[in-house]
Amino acid sequence: MTVGGDGRSKGASGTLAERLNHLFAHMHPAGAPYTNAFVADEISGAAEYGGVKVTEQYLSMLRNGRRTNPGPELLRALAKFFAVPVGYLLGDLSQPQAARVEEEVRFLAAMRDQRVRAIALRSVGLPPEVQDSLTTIISQFRQQMDLPAEPPGQDGEPRAE
């Protein structure tokens, strides 16, 4: 996710093509990202997407910005496929709502890494002060490796559930 000069993430405020490309790049199972052909076949072949038919070529045009105004049925189907609100694809979520969607996308992408998942799962059930200590230790390692103290898009504060 890139951040523009105004501090807003381009996934939330960018074009439909940028938001779609972000989802294609990050919202997929372990392994390679989805292809246009795979997504088109899944959406076109499953009743759960409302009978929408889409081609690989049309998805390509949406992703490269040559088409910018798909019908609401296709937007709903794409949103359902990628498990995001349709408002995210439309770019009409509030900044906090869009940030929440992007945080979930980053989380799901991070959880595909088996090592990251193992660290997260091992911390489940530990007292909050121990989890805070682990966060501090990880931040210290990141600093020693000249990485930002927090991964991009993170503020270090625990999320309220």
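**Helices and surface, in questions**

Trainee: Is alanine 99 buried, partly exposed or exposed?
Mentor: This is a predicted model, so keep that in mind as we go. Alanine 99 is found in helix α7, residues 95-111. Buried would need under 20% relative accessible area and exposed over 50%. Alanine 99 has 32% relative accessibility, so we call it partly exposed.

Trainee: How far apart are the C-alpha atoms of alanine 99 and tyrosine 88?
Mentor: Along the chain, these two are 11 residues apart.

Trainee: Does helix α8 lie largely in the open or largely buried?
Mentor: Take its 10 residues, 114-123, and count those under the 20% cut-off for buried. The number buried is one, so α8 lies largely in the open.

Trainee: Which residue just after α8 takes a positive phi?
Mentor: Look just past the end of that helix for a phi of about 90°. The residue is glycine 125.

Trainee: At roughly what angle do the axes of α2 and α4 cross?
Mentor: Helix α2 spans residues 16-26 and α4 spans 56-63, with axes that come within 7 Å. The contact is made by Leu16, Ala17, Leu20, Asn21 and Phe24 of α2, plus Leu59, Leu62 and Arg63 of α4. By class, that's six nonpolar, one polar and one charged. The axes cross at roughly 115°.

Methods: Residues are numbered from 1 along each chain as its sequence is written. This is a predicted model: local features need pLDDT of at least 70, side-chain atom pairs count only at pLDDT 80 or more; totals for chains, interfaces and linings use all residues. Side-chain values use heavy atoms; hydrogens and water are left out. Buried means under 20% relative accessible area, exposed over 50%, partly exposed in between (1.4 Å probe, protein chains only). Helices (H or I, at least four residues) and strands (E, at least two) are DSSP runs, numbered from the N terminus. Axes are lines fitted to C-alpha atoms, for helices over the stretch in contact, and angles run from 0 to 180 degrees between N-to-C directions. Contact means heavy atoms within 4.5 Å. Ala, Val, Leu, Ile, Met, Phe, Trp, Tyr, Cys and Pro count as nonpolar, Asp, Glu, Lys and Arg as charged, and the others, Gly among them, as polar.
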